[in-house]
Amino acid sequence: MKGQREAKREGGSKLPWIITGGVAGVLAAAYIGTCAWASGRSTIFPNVAVAGVDVSNMTVEQAQSAVQAALDQQSQDISLSLVYEDLEEQLDVSKLAADTARSAQDAWNVGHDNFFTSGPKLLGHMLGTSAQVPLILPENEPAQAELLARMEQAVNEATRDHGYEVTQTELVMTKGAPVTTVDWETVRTAMSEKLQQAFTARFSGESSTVRDTVVLSASQSEAAEPDFEAIRREVYTEPKDAVLDLESMTITDHTMGVDFDVEELRSAYRNAKSGETVIIPLTVTRPNVTKDDLGGRLFKDLLGQATTRVSGSSARKTNVKLAAAACNEKILLPGEEFSYNNTTGSRSPDKGYLPAPIYAGGRSEDGVGGGICQVSSTIYYAVLHTTLEIVERHDHQFAVSYLDPGMDATVYYGSLDFRFKNNTNYPVKVVTRSYDNSKGVRYLEVQLYGTNEDGRYAKPTNAVFDKVAPSTAYKPDPNVARGTLVLDKEQYAYTGLKARTYRTIYEADGTVVEKQDLGVSAYKMRPNTYFYNPADGDPSTWVDGKPPAPPSTDPGTAVDPGTADPGAETPADPTAPPPSDSGISPIDPNGAAM
């Protein structure tokens, strides 16, 4: 029986294509998942090191700590020297200012730079692929720059016969004579490479100590034209001011700046005959401040001063004396700021500060360090007699007795500060003194010393307005004898007022330069508060201001409402003379400040 051929269906089977597409989809999903897993890691890939320090699977912060620890503990085992013939200078590796934060971030960036490649890279690192990230050293890193400067100076000294000579005012060159030059950029590059190799060898544990050198090579030219740019790099010196070293209180040497016109030297050399001497002038730049200048001008002028009378309890006087001593001999370099809070620190019992009256919430109460605002205020008043820049200042809640309104400066540690800036070209020194005159009256004196280059000086003035006389308030107290009023001696009265402060700057000849508006100080009013016996009723309702007749003939102990508390910040005495324009109180016949 003959079979019958079945007709072939059009299109064939689609199953292989479906299977292939499914597998591809699974693989794609797996690939994307792997990349997402790798990119989402908060830690560094496995087998990644920073200059030999293994930072695998660490966070950036952990890696930075690990690299810094290696530097702190093992950098003394690394030695790198620059050598030129018989000259040698060594780098103190322990003083290198490495950027460990950036190095750790670079380690984390390995494999995290691209989402679609992060997955395969992570798998590769898990299977043994490794990466070494260099330890980042900032450009012109100070320790390396200082080493190169020392070596360059030593080489220059040793090769004075290299074809040119530098006098105090001229550069002298003989055409055709051999010229010795060193390519310092090549030296810098070689030193960086050697350092990275040394870090890796020591931090990885490959070597317990690493000693390496960079040998300098110098080129000499006879017939060929010298490298004029290299000669300029060797000759060039940046001018450097003499400065006051605050630790040793010594003045460092200044450096004269030296330079010359490269094109002028090149042109003169090319126009000269062989063996002819070429001379070009040097540009010598004097620094702004020489050692002699600084030594002769340092603290030579009294910029401003102020004296205030210190009253109150012995505890308050102790606090004033301690705070003044903390500020005494404080030196500010040009551009530096004086911060009263930073200078005195917290006013705490362990430093000897005692409880004395302070202002808190509109009331007077004892607090540790009460009275220290008189020191900040006296310094502020001294600054007002100078051209120094006032950065931060706050007025008290109530007017103080030891200075005119608008001339005070209250402080509160961690919140309110008094700050001024040394905007001169020379250091400024704060000198304070707390003393008793021949009559036993305590005074606080502040003097500001510096260098007054232009002779300018300043005088502060104020304009008082919106005065509010103390009102009267009453508080019941059953301990008060009937028919009497007793003044609250702790919460004494203050006149409310406002004061606008000005500082006028003068030239040495008295010409006005400018009048600065330093703003308005607002001082609150506080009433005269009297205690009364509740049985007498509210005194504001007394007929003709007289209390009802008391059952007893005891008149009580009325207090003079004009009595003032000798606390930290007492109200101003309206009969007392204001401080003089010079910031100094009047002088009594015995020579003591009054």
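## Basis

The model is predicted, so local features need pLDDT of at least 70 and side-chain atom pairs count only at pLDDT 80 or more, while totals for chains, interfaces and linings use all residues. Residues are numbered from 1 along each chain as its sequence is written, and side-chain values use heavy atoms, with hydrogens and water left out.

Helices (H or I, at least four residues) and strands (E, at least two) are DSSP runs numbered from the N terminus.

## Nonpolar cores

A nonpolar core is a set of buried Ala, Val, Leu, Ile, Met, Phe, Trp, Tyr and Cys residues joined through side-chain atoms within 4.5 Å; buried means under 20% relative accessible area with a 1.4 Å probe, protein chains only. The largest one has 43 residues, and V55, L82, L135, F199, F203 and L216 have the most contacts inside it. Elements giving two or more residues to this core include α2 (60–74), β3 (78–84) and α5 (142–158). Helix α6 supplies the largest share, eight residues.

L135 touches, among others, V50, V67, L71, F199 and F203, leaving aside residues up to four places away in sequence; contact means heavy atoms within 4.5 Å. A second, separate core has 34 residues, including L303, V310, A323 and Y340.

## Strand β24 and its partners

Strand β24 (residues 442–450) has eight of its nine residues buried, so it is largely enclosed by the rest of the structure. Two strands pair if DSSP finds at least two bridges between them. Nine bridges join β24 to strand β16 (residues 301–310), and the two run antiparallel; T307 has E445 in β24 as its bridge partner.

Strand β23 (residues 428–436) also pairs with β24 in the antiparallel sense, over eight bridges. Here K429 stands opposite Y449. β23 and β24 form a hairpin with five residues between them, and G440 in the turn has a positive phi of about 85 degrees.

## A three-stranded sheet

An open sheet of three strands has the order β18-β22-β21 with antiparallel pairing. β18 (337–339) and β21 (389–392) are the edge strands, each with a single partner, so one side of each lacks a neighbour in the sheet. Three bridges join β18 to β22 (residues 419–421), with E337 partnered by K421.

## Helices α10 and α12

R316, V320, A323, A324 and C327 in α10 meet Q374, V375 and I379 in α12.

Key
Buried means under 20% relative accessible area, exposed over 50%, partly exposed in between (1.4 Å probe, protein chains only).
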